[in-house]
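Reader: I have the sequence and the model open side by side, and I would like to go through them slowly. Could you take my questions one at a time and show how each answer is reached?

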Amino acid sequence: MSEVASSYPPIEPTNFDLIVLGTGLPGSVIAAAASANGKTVLHVDPNPFYGSHFSSLPLHDLSTFLNPQFTPPPSAASDGDDHTPVALIQRSIYSHVGISNHAPEVFTDEHSRKFNIDPCGPRVLFCADKSIDLMLRSGASQYMEFKSIEGSFVYDKSGRRLVSVPDSRAAIFKDKSLGLIEKNQLMRFFKLVQQHVAGDDSGGENSRISEDDLESPFVDFLTKMRLPPKIKSIILYAIAMADYDQENTEIREDVLTTKDGIDRLALYNSSVGRFPNVLGALIYPVYGQGELPQAFCRRAAVKGCIHVLRMPVIALLVDKCTGHYKGVRLSSGQDLFCHQLVLDPSFTVQLPLASSPRDPLRESLQVLGLRDVKRKVARGICITRSSLRPDTSNFLVVYPPRSLYPGQVTSIRALQIGSGLAVCPSGMFVLYFSALCHDADQGKELLHAAMDALLMLPESGHPESNTTVQSDIAVEVKPTLLWKALYIQDLTMDQFESISYTPMPDGNLNYNDLLDLTLKLFQKIYPHEEVFPDTASPENPEDDYESSLEI
């Protein structure tokens with residue numbers, strides 16, 4: 001038993017409608033939604049902070065988080081009258097962690113506490129995201145503040161420079177890198193997309209995209225529209241956010257259909273201008289992504305949810321006859337019971353030895369294991385003292401496939417965040433990198449190439465120095481790398497049979513797919529409940545939710 005856990009008084013009550021283990025974003029949304037429906041909810045986390053894998057951490061805590069040393073759970077052998085404890089084992093979702101500190105005199109303990117680092121980065125929110133709508137509906141938005149991502153850029157391999165993404169009518173006209181013909185082609189294409197999404201038939205057949213085209217690969221439709229390669233690349237990878245090379249017919253993987261591509265363009269387009277103070281389509285939470293799960297936890301607390309941090313759960317309590325769970329055992333030794341249970345996917349079950357030819361306990365627990373990992377995501381974090389662009393602090397960079405080297409089969413994304421978003425000390429910048437990969441070697445190769453294209457290692461004894469690199473088209477000053485972390489995260493697919501698992505951080509830039517899985521899980525647990533019922537009333541102002549975001 002941990003000293004912290006043993007110091008807690010017993011939790012009352014001991015019976016709950018729902019127990020959620022892990023305060024990551026999905027678990028926090030489920031806890032808030034269940035609490036909003038009047039369910040009694042206990043939300044526990046072994047960590048001393050909210051957010052789990054979706055947290056924002058001080059720099060000196062990140063290494064421990066990525067390289068956790070889990071102690072074996074204490075024995076939970078004592079049975080109850082009708083249940084038996086089955087050990088829960090926590091595992092790390094990160095591997096091949098490498099951290100390099102090129103300026104130890106800069107990153108003192110005091111200085112490191114001024115960072116708020118996102119282990120699941122890079123992440124942004126589109127202004128028209130489902131996550132924004134969910135925050136507004138639930139009332140979680142009143143606990144958060146956002147600022148604009150000031151621009152999006154594509155890495156241009158020919159000039160080794162960053163090219164602005166023309167994502168609006170005004171941006172297209174201002175873009176000096178586009179010729180007049182390219183601007184007209186892009187304007188006509190965006191007009192067609194807007195007419196199709198709006199259902200505008202005023203232009204006849206030319207204002208609608210045919211069903212055959214909608215089911216075809218998006219890259220083929222863009223070719224049919226006679227868009228030049230440069231424009232196709234921008235649309236595919238910097239606006240539609242395709243992950244894999246869409247033009248390599250030999251190894252096409254996760255081919256984006258025109259229908260899905262148009263939907264993604266519509267999301268981007270509807271995000272531009274939704275909030276008057278936002279410069280483009282993207283926003284980022286002040287103090288980091290870890291503010292999202294905390295906001296939903298605060299909303300859950302308003303509705304009566306009990307939160308307990310620093311409290312490991314060491315075992316599931318399983319019915320001896322049916323093999324179904326009845327509750328959990330805390331490291332404090334207390335047994336708590338529930339009708340529904342949701343686990344963070346970093347937890348797995350230690351299967352007991354079969355006690356009979358037909359053991360209902362073992363048969364039930366067989367479905368608790370995690371499926372084999374199909375893919376991974378390589379993530380990287382870099383810290384510099386200067387921006388990649390002297391006039392911009394917060395922006396997104398996309399490296400399309402084959403823009404760095406011929407064997408680059410996936411898109412790589414990078415997000416630079418400055419001190420104005422309270423994620424780092426003044427005068428410093430945090431860069432997040434990510435790319436889908438099949439193994440650690442491929443992931444490291446992708447991220448190293450992306451980092452080397454924009455950053456320089458410090459000269460010996462001069463960690464503050466920058467390096468000027470001359471190309472045929474532009475002269476660029478590469479920021480000097482002061483600190484770097486690179487790691488591989490598993491992407492696991494979990495079965496929702498006897499026990500429900502929340503989804504892992506995925507390889508996407510936003511939270512839409514992750515929240516879709518989360519809401520489906522909630523509706524599976526509570527099929528007759530609305531996710532966040534509208535219960536606001538003038539008599540209960542604290543139950544009211546905001547109609548807009550603070551930006």
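Reader: Where does Y287 lie, and is Y287 buried or exposed, or something in between?

Author: In this predicted model, Y287 belongs to the loop between β9 and α12, and its phi is near 80 degrees, a positive value in a residue other than glycine. Burial requires under 20% relative accessible area and exposure over 50%. Since the relative accessible area of Y287 is 45%, Y287 is partly exposed.

Reader: Which residues of α12 are buried, and what covers them?

Author: Helix α12 runs over residues 291-302, and its twelve residues reach 17 Å from the first C-alpha to the last, close to the 16 Å expected at 1.5 Å a residue. The cover over its buried residues includes the helices α2 (25-36) and α5 (130-138), together with the strands β2 (41-44), β5 (125-126), β9 (282-285) and β10 (306-308). The buried residues themselves are L292, P293, A295, F296, C297, R299 and A300.

Reader: Which residue just after α12 takes a positive phi?

Author: The place to look is just after α12, where phi takes a positive value of about 105 degrees. The residue with that value is G304.

Reader: How are α5 and α15 oriented to each other, and which residues make the contact?

Author: Two packed helices are described by the angle between their axes and the distance between the axes. For α5 and helix α15 (residues 512-525), the axes come within 9 Å and cross at roughly 50 degrees, and α5 and α15 are therefore oblique to each other. By class, their contact has two nonpolar, two polar and two charged residues. The contact is made by K130, S131 and L134 of α5 and by N512, L515 and D516 of α15.

Reader: What is the orientation of α7 to α11, and how do the residues of their contact divide by class?

Author: The axes of helix α7 (residues 180-198) and helix α11 (residues 258-271) come within 10 Å and cross at roughly 95 degrees, which makes α7 roughly perpendicular to α11. On the α7 side the contact is made by F189, F190, V193, Q194, H196 and V197, and on the α11 side by I262, L265, A266 and N269. These residues of the contact divide into seven nonpolar, three polar and no charged.

Reader: In strand β4, what phi does H96 have, and how accessible is H96?

Author: H96 lies in strand β4, and its phi is near 50 degrees, which is a positive value in a residue other than glycine. As for accessibility, H96 counts as partly exposed, because its relative accessible area is 46%.

Reader: What does V97 touch, not counting residues up to four places away in sequence?

Author: V97 is found in strand β4, which spans residues 94-101, and at 25% relative accessibility V97 counts as partly exposed. V97 and R379 are 282 residues apart in sequence, yet the distance between their C-alpha atoms is 9.7 Å. Leaving out residues up to four places away in sequence, V97 touches L66, N67, L486 and Y487.

Reader: How many residues of the chain reach a pLDDT of 70 or more, as a percentage, and where is the pLDDT below 50?

Author: The mean pLDDT of the chain is 86, and 84% of its residues reach 70 or more. Where pLDDT is low, the predicted coordinates should not be read in detail. Beyond near neighbours in sequence, one stretch with pLDDT below 50 has 18 contacts in the model, and another has 19. Those stretches are residues 367-373 and residues 541-546.

Reader: What percentage of the residues of the chain count as buried?

Author: The secondary structure of the chain comes to 15 helices and 22 strands. Among contacts between residues at least 6 apart in sequence, 74% join residues at least 24 apart. Of the 551 residues of the chain, the share that counts as buried is 55%.

Terms used. Residues are numbered from 1 along each chain as its sequence is written. This is a predicted model: local features need pLDDT of at least 70, side-chain atom pairs count only at pLDDT 80 or more; totals for chains, interfaces and linings use all residues. Side-chain values use heavy atoms; hydrogens and water are left out. Helices (H or I, at least four residues) and strands (E, at least two) are DSSP runs, numbered from the N terminus. The expected span of a helix is 1.5 Å times one less than its number of residues. Buried means under 20% relative accessible area, exposed over 50%, partly exposed in between (1.4 Å probe, protein chains only). Contact means heavy atoms within 4.5 Å. Axes are lines fitted to C-alpha atoms, for helices over the stretch in contact, and angles run from 0 to 180 degrees between N-to-C directions. Angles under 35 degrees count as roughly parallel, over 145 as roughly antiparallel, 65 to 115 as roughly perpendicular and the rest as oblique. Ala, Val, Leu, Ile, Met, Phe, Trp, Tyr, Cys and Pro count as nonpolar, Asp, Glu, Lys and Arg as charged, and the others, Gly among them, as polar. pLDDT is the predictor's confidence in each residue, from 0 to 100.
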